[in-house]
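Here is a friendly briefing to read alongside the structure. Please keep the model open as you go through the topics below.

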Amino acid sequence: MRSYVQGPASVDESSQLPLWRRAETMDLVYVGYGLLVVALVLASYLLGALGWLPHDPQAMNVGLINAAPFTPGHLLGTDFLGRDLQARLILGIQAYFLPGLLAITISVVAGSVLGILAGYRGGWSDTIITYFDNLLDSFPRLVLILLVIASFKPDIYYVMVVVGITGMPVIANLIAGKIAFLRQTNFIEAAHALGLPAHTVILKHILWFNCRAALVIQATLGMAEAILVETSLSYLGFGVQEPTPSWGNMVQAGANYFLQGNFWPSTAPALAILATILGFQLLGDGLNNLLEGKRGK
Amino acid sequence: MDAPLLAIENLRTYFYSRARRALIRSVDGVSLHVAPGETLGIVGESGSGKSVTALSAAGLVSAAPGVIGGRIELRSRQARRNLLDGLERYVRVKERDGRIMAVEKDDRGWRRRAETLMKGVRGKEIAMIFQNPRSALNPYSTIGAQLVETIRLHTSVKGEGEARERAIQWLERVRIDSPRLRFDNFPFGMSGGMCQRAMIAMALSAEPSLLIADEPTTGLDATIQSRIVDLLAQLKIETGITTLLISHDISVIQRLADRIAVMYGGTVVETGRAAEVLAPQAQLRHPYTAALLASVPSAEAIRRKSYLQAIEGEVLDTIDVPRGCRFYGRCNRVTEAIRENCASLEPPLGEVAPGHKVRCWLYPASGKA
Amino acid sequence: MSHTILDVTDLRKDYSQRRGLIPMLAGRERVIPAVDGVSFYLRENETVGLVGESGCGKTTIGRTVLRLTDPSSGRIVFDGRDITRLSRAELRPLRREMQMIFQDLDAGLNPKMRVHAILREALTVYERPSDAEIARRIRELLEQVNLKDSKLANFPSQLSGGEKRRVGIARVLAVRPRLIVADEPTSALDVSIQAQVVNLLRDLQKHLGLTYLFISHDLPVVELVSQKVAVMYLGRIVEMGLAESIAHQPLHPYTRILWSSLADKRSTEVNLYARSGATAARGTWGVFDFEQPASGCRFAPRCPLYQDKGRPAVCTDPASEPPLRDVGKGHVVACHFA
Amino acid sequence: MKFAAVRPVSRVLARELAVTALLLLGVSAVVFAILYLAPGDPLNVLLEGQSPRSELALGMREALGVPRTWYGQYAAWFGKMLQGNFGNSIRTGLPVLPELARVGVNTLYLTLGSLALTLLIAVPIAVHTAAHGDTAGNTAATIGAYILSAVPVFWFGYIVVYVFIHKFGMFPLISGTATKQAQAWLYFLVPIFVLGTASGTLSEVIRHLREELSRVLAEDYIRTARAKGAPVWRHAFKEGFLIPVTEIVSAKIPFLLGGAVIVEQVFNWPGMGRMAWQAAQDRDYPVIMGIALVAAAFVRFGNLLQRVVFTAVNPRASKE
């Protein structure tokens, strides 16, 4: 049984219901959770940057190694050297936060430029950019990153440049698609016919009015990607090195004790990764459903 | 009049606007009868509910809540049943002042029930053609394969080769030239008119009792439209098929329909024999029908380069359905004597002449009801 | 007689079908002539109707004369000025004088902008009026297109079809154009709304002295609003003349078919038995292949006259596509037998 | 009549092959650019077949015929690759290509297996959601897939390993000398299970399939199929299922190859991913270059297959 209830009949159509009341509950749950995660990450990043941590993340307490959560004094327990996990988790955000922003910036800015060239100019540029996108999509991202690491050096910023560049095609396709849609309804042609200059059409109408939501969504999903890459690399030993904490190397460091039954030191950062990536992904998908219309429509 | 082949009684099909948190009263108490062998034309503008009525009859409404009330009685030789039988078990409505304010529907339950009711009816007894034939045919399959599928599903012809011959015969009957070549064509690369012919062939090849033609000429070029109308007229003579024809184009209805129902805002406002409803000198006509006919440029208007008689205002929004007559806001024939009625009470569909009914307070017959 | 505002000579527009990088590099591109040598002119404050089936190139003409797309060859003179090869920048000041109403009701209406913002933007394309002036002009525009004030706060998605059309027209009027290309301005609207819009367009012409190139497939409406009508078939004008003569004394077989299909639909007779024989004789219409137009007269493959006359060779002679011939009173026709 | 359709398809196929070749050329150019720009002159090492620490003087290099201009170097490098010479591993000294062929099979098995598993899980969920709308069951399944997709693969691997130790009392790591035990086949399934569920592809496959299928089910021609009483799936299959599945499979190959790097590391699986990790550790660029090229070729091959299916299924594709 589903019910459909007539609301107070609104004669004035301009009084549209606010977004959150029109939305489906699941989408609101997704976005709500996502925003919570973003807020936590942001706050933790700032705490870490300012050094306001509950404990010294490097202080070892050999008497209290691999402590369980809720141990007095260590809310989230300790690792194999007796270091406070909560402090290290908060500090671990430093490893991906700024590099992730770099990757997002590269893919959003460069992807937008390519998308506009492909969609707005069309013709030659469209063909070439399509090929370029296909080319970038040919490489498994991690393999390309390993190639760069082997050839240059294992630097997270190098890696994030690669992540940013390989993230461009998605954005470019998205924007080219939006432009194609606007073209279909003769929107762009009508703007030209009126005499609006190209830069107004591109910046104001295309990017600002019609792509901003999609770009925010893609940036959100991009952050999830960046976290995935950073933690994977740290796990593989190419990212942040001990004793500086990163969620990836924390999982790796705890792994040796994992098989002996000490799950927590490895599981705590893994759950942090899980919760955060999930948060960014659900935020992206939820926003997509809210702002860009439900899937399929 | 014969017992109707299809009798729709008090059909209600509602949708729901999430954006406005409101019920869309697309079809709001429609009753129609189609006698065997006749063509009933439903004419109306967008939002009048004419297409939704047709889709409801074929059980093809996909949005929720969909059909919430009424009867659709089919009385063909093979199947006699109410296609909405037992609907009330799946739907609960809450009314206030005679107006439905909330609907509860077990959509999945009803869907399952409706599918059993429709078994052996949809496609077999009731065939349908749609507007935009190029997108209505499966682009991934040849014209021939789509016809053969229908023939093998619904007729006694089951063999592949036999069905193929039958399909080619049908392509000939809808006057597609070189049908043997067209048989292997995909809809892509065929003109809209050709696709509509194939569509008609496919619908009729099931040898149905009732053909529902939903805007069969919309989206086609003027010259092609006229050919399709010719074809439908001729097939009607050849096969004598009962047809429910839906169109916004009065001229199409005029050419093909024996009887007409004019719809506005989810209800039938006028129904009667085509010749009577559309007769140039008709007096007892719904103001909407009259205005609709007048808004098409007449030869006289063109010669004198005069203004068109437009109906002021916008097409009724079936969310904000007024309490009184649905056409009241745009009507130019409201008199002081009936104004109060028009504004507050929905007029009934009253008989103004034998077989001719009009939903308007102007006519005394309505007053009696 | 008032002066010529738009003069189009031998206009051609080819569309090339781009098929990816490889054929592009190999230089293999298919060229489809959408408009194939079309000439006509418009006098100030007059309406010329352009009719034809979909795909005949009438919309392309509209877009090309406004230089929304570049012509392949030919000459377009607007108000005494050759605009065929003007650059985008040179064209801009002229743009405000020539505007277009698109078939698509949503054209030009940014779905994310309210009506007020849409009109405001249109008013500030060429000028920087004060806020008070903008408010005054918006009120004036609303009055001109007969739209309620309350609609200013709406997004396009909250408007009905007729309202969208009115906003679209107001947006165009905001720049005070002299020539308007109206591309199927009523075809996306309901019958009862079409009449309103036709009346509105004629009112505006009267009050603002507009000139229309009225592109439509709706023959009665074209006949009603136009002084002159041009009939197009596959990229060419096949007949052109005063609206009355095109409607009542058509010479080209194609024009006759167009009008008779209308008459068929309009006829109040429901005598199907009498009709059925005639219908069968008319036969079916083949699909026309754009890439390989028939040699000679391009209408020959569908022409009843060609059939009736026993397929004369002149109709399919590759050397002689019939030119437009003047048959008096400014009536021109492209047929060997007219 | 039926054969007339064959010719354009073969022409489209030729076109797709040409596109693939062009893109592979581009792939080589990207790899070359990285090597060319990298510090430490890895390119010359590749061309000479010597380690960078060799004491060859510049003059000797020229004597050996190593070109100095970048395009000359590219041509020489590309020419060697065409002959199947991808250079020798710096660490082991073995030629790269045969080594890759040896371990590549393992990776192929891992990725294709996990792909099959992903589809096995994703398809029913997606089809059910598209056909019946959101129900409690499929919403839960979708959320489950989301969560599973966000699980870090490496940690998930440990969990599975742990479960194995305690459940089966054995250590399911493959270290070249796989022990012959009764449940040996499980050794091979575990990495596939991990990669197939937790690599982040699951939720995306579900989403893509669901969106495409919902879109197709709303098409006019599906309504026609329903109106004529024909089974809907028969009409929706090509556009709503076959095409999106091949699309998503082709699009997810690079992600799975990336995921393989980690899974192979966790399970000590002797595949290309593990080799890539080792090579990156040792800065063994001949090896990692070879892996990048082979992986890209694999991706392009998957894409080619997808285009072939699309062309064969879609009558328009062969005519456009």
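**Chains D and A in outline**

Of the 320 residues in chain D, 42% are buried, where buried means that 20 or more other C-beta atoms, placed from the backbone, lie within 10 Å of a residue's own. Please note that this is a predicted model, in which local features need pLDDT of at least 70, side-chain atom pairs count only at pLDDT 80 or more, and totals for chains, interfaces and linings use all residues. Residues are numbered from 1 along each chain as its sequence is written, while chains are lettered from A and ligands numbered from 1 in the order in which they are written.

- Chain D has 13 helices and zero strands; helices (H or I, at least four residues) and strands (E, at least two) are DSSP runs, numbered from the N terminus.
- Along the sequence, chain D reads α-α-α-α-α-α-α-α-α-α-α-α-α.
- In chain D, 72% of the contacts between residues at least 6 apart in sequence join residues at least 24 apart, a contact being two residues whose C-beta atoms, placed from the backbone, lie within 7 Å.
- Chain A has 12 helices and one strand, and its elements run β-α-α-α-α-α-α-α-α-α-α-α-α from the N terminus on.
- Buried residues account for 53% of the 297 residues in chain A.
- For contacts in chain A between residues at least 6 apart in sequence, the share joining residues at least 24 apart is 70%.
- The C-alpha trace of chain A spans about 75 × 60 × 40 Å along its principal axes.

**A helix pair in chain A**

- Helix α8 (residues 168–184) and helix α10 (residues 198–236) of chain A pack at an angle of about 145 degrees, with their axes 11 Å apart; axes are lines fitted to C-alpha atoms, for helices over the stretch in contact, and angles run from 0 to 180 degrees between N-to-C directions.
- From α8(A), the contact residues include A:Val170, A:Leu174, A:Lys178 and A:Leu182, and from α10(A) they include A:Ile206, A:Asn210, A:Ala214 and A:Gln218.
- By class, the residues of this contact are nine nonpolar, two polar and one charged; Ala, Val, Leu, Ile, Met, Phe, Trp, Tyr, Cys and Pro count as nonpolar, Asp, Glu, Lys and Arg as charged, and the others, Gly among them, as polar.

**Sheet and helices in chain B**

- Four strands of chain B form an open sheet in the order β2-β1-β4-β5, with antiparallel pairing; strands pair if DSSP finds at least two bridges between them.
- β2 (22–34) and β5 (80–82) of chain B are at the edges with a single partner strand each, so one side of each has no neighbour in the sheet.
- The twist from one strand to the next averages 15 degrees.
- Strand β1 (residues 6–17) of chain B pairs with β2(B) in the antiparallel sense over nine bridges, and B:Ser17 has B:Ala22 in β2(B) as its bridge partner.
- Helix α1 (residues 50–57) of chain B lies across β1, β2 and β4 (65–75) of chain B, at about 115 degrees to β1(B).
- In helix α11 (residues 287–295) of chain B, the buried residues include B:Tyr288, B:Leu292 and B:Ser295.
- The buried residues of α11(B) pack against α9 (250–256), β11 (259–264), β12 (267–273) and α10 (274–278) of chain B, together with α7 (191–208) of chain C.

**Where chains B and D meet**

- Chain B gives 25 residues to the contact and chain D gives 20 residues.
- On the side of chain B that touches chain D, two or more residues come from each of β8 (126–129), α3 (133–136) and α4 (143–154) of chain B.
- The largest share of that side, four residues, is from α4(B).
- This side of chain B has 14 nonpolar, seven polar and four charged residues.

Technical notes: A residue is buried if 20 or more other C-beta atoms lie within 10 Å of its own, exposed if 12 or fewer, and partly exposed in between; C-beta atoms are placed from the backbone.
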